[in-house]
Amino acid sequence: MLSIERNLTEAIIAFGQRAVILRPLFAFFGNIAGYLMIGVFIVSIFRMTSFKLKSYYFMLAALSVIISRGVITETINFLIPTDRPFKVFGLQPVNAIDPGFPSGHMALFVPIALVAYSYDKRLGRIFLIGTVLMGVSRILLGYHFPSDIIGGIIVGVAGFFAAKAILPKNISK
């Protein structure tokens, strides 16, 4: 790990620890917001009137997540194990036993946000903003380094476009 990233992460975590009044917000976005996003995403899919579109966007989301979170992230975690900031900086341990790079949260929620954006620009923008806040919060909480978050975003985008390339083109119309 570069000393620049280590110093930057240490400064971000220190800010997060000093910003006591904002910690519940960091905890919400870092730990809880994702569950709400998944719930809203599922409801938005089920509200679609076309079974064909409903099926397409559900398959796109599922395949995107399988590729990005299930295949790419797990392969990288296995091949390149990395420590998380809470271990490096001796912070209170969190319930995370897997390596930090790339962020599994970003690899999961970026494709979901991109799928939502594909069928509902407003909802997609809200999800993308929520996902970015989730990533920043996970750095502030000491769960990830910035490179973990950026890596997870790249993996999530790659999973989304790979899934889009695999699925039949005419099903979304």
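In the protein chain of this predicted model, contacts (heavy atoms within 4.5 Å) with a sequence separation of 6 or more are made to 77% by residues 24 or more positions apart. The chain has 173 residues, of which 42% are buried, where buried stands for under 20% relative accessible area, exposed for over 50% and partly exposed for values in between (1.4 Å probe, protein chains only). The order of elements from the N terminus is accordingly α-α-α-α-α-α-α.

Local features required pLDDT of at least 70 and side-chain atom pairs pLDDT 80 or more, while totals for chains, interfaces and linings use all residues. Residues are numbered from 1 along each chain as its sequence is written, and side-chain values use heavy atoms, with hydrogens and water left out.

The largest nonpolar core comprises 26 residues; such a core is a set of buried Ala, Val, Leu, Ile, Met, Phe, Trp, Tyr and Cys residues joined through side-chain atoms within 4.5 Å. Phe-41, Tyr-57, Leu-60, Ile-112, Val-115 and Phe-127 touch the most other members. Two or more residues each are given to this core by helix H2 (23-46), helix H3 (51-79), H5, helix H6 (121-140) and H7. H5 supplies the largest share, eight residues. Another core, of five residues, lies apart from it and includes Ala-19, Phe-26, Leu-141 and Tyr-143. With neighbours within four places in sequence set aside, Ile-112 is in contact with Ile-38, Phe-41, Val-65 and Phe-127.

Helix H5 (residues 104-119) packs against H2 at an angle of about 35 degrees, and the two axes are 11 Å apart. Axes are lines fitted to C-alpha atoms, for helices over the stretch in contact, and angles run from 0 to 180 degrees between N-to-C directions. The crossing of H2 and H5 is left-handed, a term for a near helix turned anticlockwise from the far one by less than a right angle, with right-handed standing for clockwise. On the H2 side the contact involves Gly-30, Gly-34, Met-37, Ile-38, Phe-41, Ser-44 and Ile-45, and on the H5 side His-105, Phe-109, Ile-112, Val-115, Ala-116 and Tyr-119. These residues divide into nine nonpolar, four polar and no charged; Ala, Val, Leu, Ile, Met, Phe, Trp, Tyr, Cys and Pro count as nonpolar, Asp, Glu, Lys and Arg as charged, and the others, Gly among them, as polar.

The axes of H5 and helix H7 (residues 146-166) come within 7 Å and cross at roughly 45 degrees. H5 is therefore oblique to H7, given that angles under 35 degrees count as roughly parallel, over 145 as roughly antiparallel, 65 to 115 as roughly perpendicular and the rest as oblique. This crossing is right-handed. The contact of H5 with H7 contains eleven nonpolar, three polar and one charged residue.

Thr-131, in helix H6, is buried, with a relative accessible area of 3%. Beyond residues up to four places away in sequence, Thr-131 touches Met-37, Met-106, Phe-109, Val-110 and Ala-113. Ala-165, in helix H7, is exposed at a relative accessible area of 53%. Ala-165 and Leu-60 are 105 residues apart in sequence, with a C-alpha to C-alpha distance of 9.8 Å.

Note on methods:
Helix = DSSP H or I, 4+ residues; strand = E, 2+ residues; numbered from the N terminus.
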